[in-house]
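The stops below are meant to be selected one after another.

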Amino acid sequence: MFYYLCGKLNMASGNDAVLDCGGVGYLLTVSGKTVAMLHSKVGSTVKLFTHMSVREDAVELFGFADEEELSVFKLLITVSGIGPKAAIAILTALTPSELNVAVASSDAKRISGAQGVGGKTAARVILELKDKLPKLLGAPVAGGDSYEELPSGVLTSSERDDAAAALAVLGYTRSEINAAFRKIDIGGCDMQEIVKRALSVLAK
């Protein structure tokens with residue numbers, strides 16, 4: 001019903017934000033990351049992208065600082081056992097890019113660090129989003145750092161990162177992947193062949 005709301009920010013605290021739009025105060029549930037961004041903007045005009053949740057006993061609005069966070073939220077609530085509040089908890093604990101890395105590296109412990117999210121639920125997030133999140137956000141890069149640079153002419157950045165992301169989904173760490181890349185000749189190979197050769201090293 002609403003794609004975004006633009007109005008004067010009256011309050012931003014906890015996981016709540018109130019926007020005054022034309023004299024109507026809209027209460028939105030927001031992630032901790034979004035509310036941190038909003039703290040300095042109380043009294044100013046802001047735009048929040050929105051998702052409306054309608055249940056038998058309640059109608060709730062959820063707000064997001066940008067369309068990327070909204071898109072990841074919508075993806076999270078498709079996971080079995082993840083409702084809007086759990087999705088907000090995950091996005092409070094992890095930014096979209098951090099969640100992308102956690103899913104790609106099968107880091108259930110990091111996801112279960114979100115309030116109210118247990119290990120089994122975190123495992124479902126990984127299982128159900130391991131193919132979907134990279135399509136939405138691109139190949140994950142941990143902490144803004146790419147995988148180790150390799151000698152020029154051996155691998156293009158895109159090939160290296162795509163292969164590394166595929167190996168991370170299988171549970172290998174960045175250091176293990178980098179070590180495998182250093183041991184194989186992958187010049188001219190496509191991503192699938194790179195993964196195949198790396199796995200032959202990693203399986204030893």
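This is a predicted model. Start by selecting the loop between helix H4 (96-104) and helix H5 (108-111); serine 106 lies there. Check the backbone at this residue: serine 106 is not a glycine, yet has a positive phi of about 55°. Is serine 106 buried, partly exposed or exposed? Its relative accessibility is 34%, so serine 106 counts as partly exposed, since that class falls between the 20% and 50% limits.

Next, select strand S2 (residues 16-21) together with strand S3 (residues 24-30). The two run antiparallel and are joined by six bridges. To follow the pairing, pick aspartate 16 and look across to S3, where threonine 29 is its bridge partner. Then move to the turn: S2 and S3 form a hairpin, with two residues between them. Glycine 22, in that turn, has a positive phi of about 65°.

In which sense do S3 and S5 pair? The pairing is parallel and runs over three bridges. A place to look is valine 30, which stands opposite glycine 63 in S5.

Now select strand S4 (residues 45-54) and pick out serine 53, which lies in it. Serine 53 counts as buried because its relative accessibility is 10%, and the cut-off for buried is under 20%. Show the surroundings of serine 53: leaving aside residues up to four places away in sequence, serine 53 touches Ala58, Val59, Glu60, Phe62 and Pro84.

For the last stop, select helix H2 (residues 67-76) and helix H3 (residues 84-93). Their axes come within 9 Å and cross at roughly 130°. At that angle H2 is therefore oblique to H3. The crossing of H2 and H3 is right-handed. How many residues of each class make up the contact of H2 with H3? Eight are nonpolar, one is charged and none is polar.

How values were computed. Residues numbered from 1 in each chain as written. Predicted model: local features only at pLDDT ≥ 70, side-chain atom pairs only at ≥ 80, totals over all residues. Heavy atoms only, no water. Helix = DSSP H or I, 4+ residues; strand = E, 2+ residues; numbered from the N terminus. Buried < 20%, exposed > 50% of the residue type's maximum accessible area, 1.4 Å probe, protein only. Pairing = 2+ DSSP bridges. Axes fitted to C-alpha atoms, helices over the stretch in contact; angles between N-to-C directions. Parallel < 35°, antiparallel > 145°, perpendicular 65-115°, else oblique. Left-handed = near helix turned anticlockwise from the far one by under 90°. Nonpolar A, V, L, I, M, F, W, Y, C, P; charged D, E, K, R; others polar. Contact = heavy atoms within 4.5 Å.
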